[in-house]
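Please read it with the model open beside you.

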Amino acid sequence: ACKKMKKLSEEYDSFIGIGDILPVIVAGLKNDFPFFYGKRKDNDSFVSAEKVNVGITIDTGNGLFIPVLQEEELDRIEQVSEKLAEFRYKAMRNEFEQDDFKEGVISISLNTNKDISFVLPIIQPGQVAMISVGAMMKELVLEEGELKENQYFNLGIAYDHRVVNGAYAADYAAAIKEKIEKCSFFNNI
């Protein structure tokens, strides 16, 4: 939860959270981590995705849905926020259309209920990975001799070991973490 996210929330007059930010970050990492963006064709080959379309879990109490943000919707956080609000509305009314679920390349599992530190998601068919985000937690940290409250969340990745290995996945998670901590995803705003 960086100050820029709070500033964006004020600017857009709408809460901007990690669910709005993460799809933009994930879409921006394709060139650095291409094996997360495609699918295993057979035992010996991998096919890169033409577009980065990011699925994101939506659960409003009417079941779990994983609608897909299309690449062209991932240019600006404001667009992502508006599309996610539309997905939540559709989930509450069970009004999704088949096109809302098409062509996901990678997915994000939001598990932000209070005190949920980690969930191990199941990778969607035809995808290589699913990123898991836990609830925002609080901790006390010592900064310049003073105790201060800090917020954090746990980030995990379930991935297909036939396509990527642990070191590659750890580097990917570290890149996501760094972009969140440095708020370096704001080039896309």
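1. Basis of the note. This is a predicted model, in which local features need pLDDT of at least 70 and side-chain atom pairs count only at pLDDT 80 or more, while totals for chains, interfaces and linings use all residues. Residues are numbered from 1 along each chain as its sequence is written, and side-chain values use heavy atoms, with hydrogens and water left out.

2. Overall make-up. The protein chain holds 4 helices and 11 strands, where helices (H or I, at least four residues) and strands (E, at least two) are DSSP runs numbered from the N terminus. Of its 189 residues, 43% are buried; buried means under 20% relative accessible area, exposed means over 50%, and partly exposed lies in between, with a 1.4 Å probe and protein chains only. Among contacts (heavy atoms within 4.5 Å) between residues at least 6 apart in sequence, 54% join residues at least 24 apart.

3. The sheet. An open sheet is formed by 5 strands in the order β6-β3-β7-β8-β11, and the pairing is mixed; two strands pair if DSSP finds at least two bridges between them. Strands β6 (68-69) and β11 (155-159) stand at the edges with a single partner strand each, so one side of each is left without a neighbour in the sheet. Strand β3 (residues 54-56) pairs with β6 in the antiparallel sense over 2 bridges, and here Gly55 stands opposite Val68 in β6.

4. Helices across the sheet. Helix α2 (residues 18-28) lies across β3, β6, β7 (106-110) and β8 (129-133), and runs at about 160° to β7. Helix α4 (residues 166-182) lies across β7, β8 and β11, running at about 145° to β11. For these angles, axes are lines fitted to C-alpha atoms, for helices over the stretch in contact, and the angles run from 0 to 180 degrees between N-to-C directions.

5. Aromatic pairs. The structure holds 11 aromatic pairs, counted for rings of Phe, Tyr and Trp (its six-membered ring) whose centres lie within 6.5 Å, with planes under 30 degrees apart called stacked, over 60 edge-to-face and the rest tilted. Phe33 and Tyr172 make an edge-to-face pair, at 5.1 Å centre to centre and with 70° between the planes. This pair links distant parts of the chain, with Phe33 in the loop between α2 and β1 (38-42) and Tyr172 in helix α4, 139 residues apart. Both Phe33 and Tyr172 are buried. The rings of Phe36 and Tyr168 have their centres 5.4 Å apart and their planes at 15°, so this pair is stacked. Phe36 lies in the loop between α2 and β1 and Tyr168 in helix α4, so the pair ties together parts 132 residues apart in sequence.

6. Surroundings of Phe33. Which residues does Phe33 touch, not counting residues up to four places away in sequence? They are Tyr168, Asp171, Tyr172 and Ala175. The C-alpha atoms of Phe33 and Asp171 are separated by 8.9 Å, although these residues are 138 residues apart along the chain. Phe33 has 11% relative accessibility and therefore counts as buried, and Phe36, at 0%, also counts as buried. One aromatic cluster is formed by Phe33, Phe35, Phe36, Tyr37, Phe46, Tyr168 and Tyr172.

7. Salt bridges. Side chains of opposite charge can pair when their charged atoms come close. The structure holds 9 salt bridges, each being a side-chain nitrogen of Lys or Arg within 4 Å of a carboxyl oxygen of Asp or Glu. In one of them the side chains of Glu149 and Lys138 meet at 3.8 Å, N to O. Glu149 lies in strand β10 (residues 146-152) and Lys138 in strand β9 (residues 137-143), so the pair ties together parts 11 residues apart in sequence. Both Glu149 and Lys138 are exposed.

8. Further salt bridges. Lys148 forms a salt bridge with Glu143, with the closest N and O atoms 3.8 Å apart; Lys148 is partly exposed at 36% relative accessibility, and Glu143 is partly exposed with a relative accessible area of 41%. Arg162 forms a salt bridge with Asp160, with the closest N and O atoms 2.9 Å apart. Arg162 is exposed, with a relative accessible area of 59%, whereas Asp160 counts as buried at 13% relative accessibility. Salt bridges that share partners also join Glu73, Lys83, Glu86, Lys90 and Asp100 into one network.
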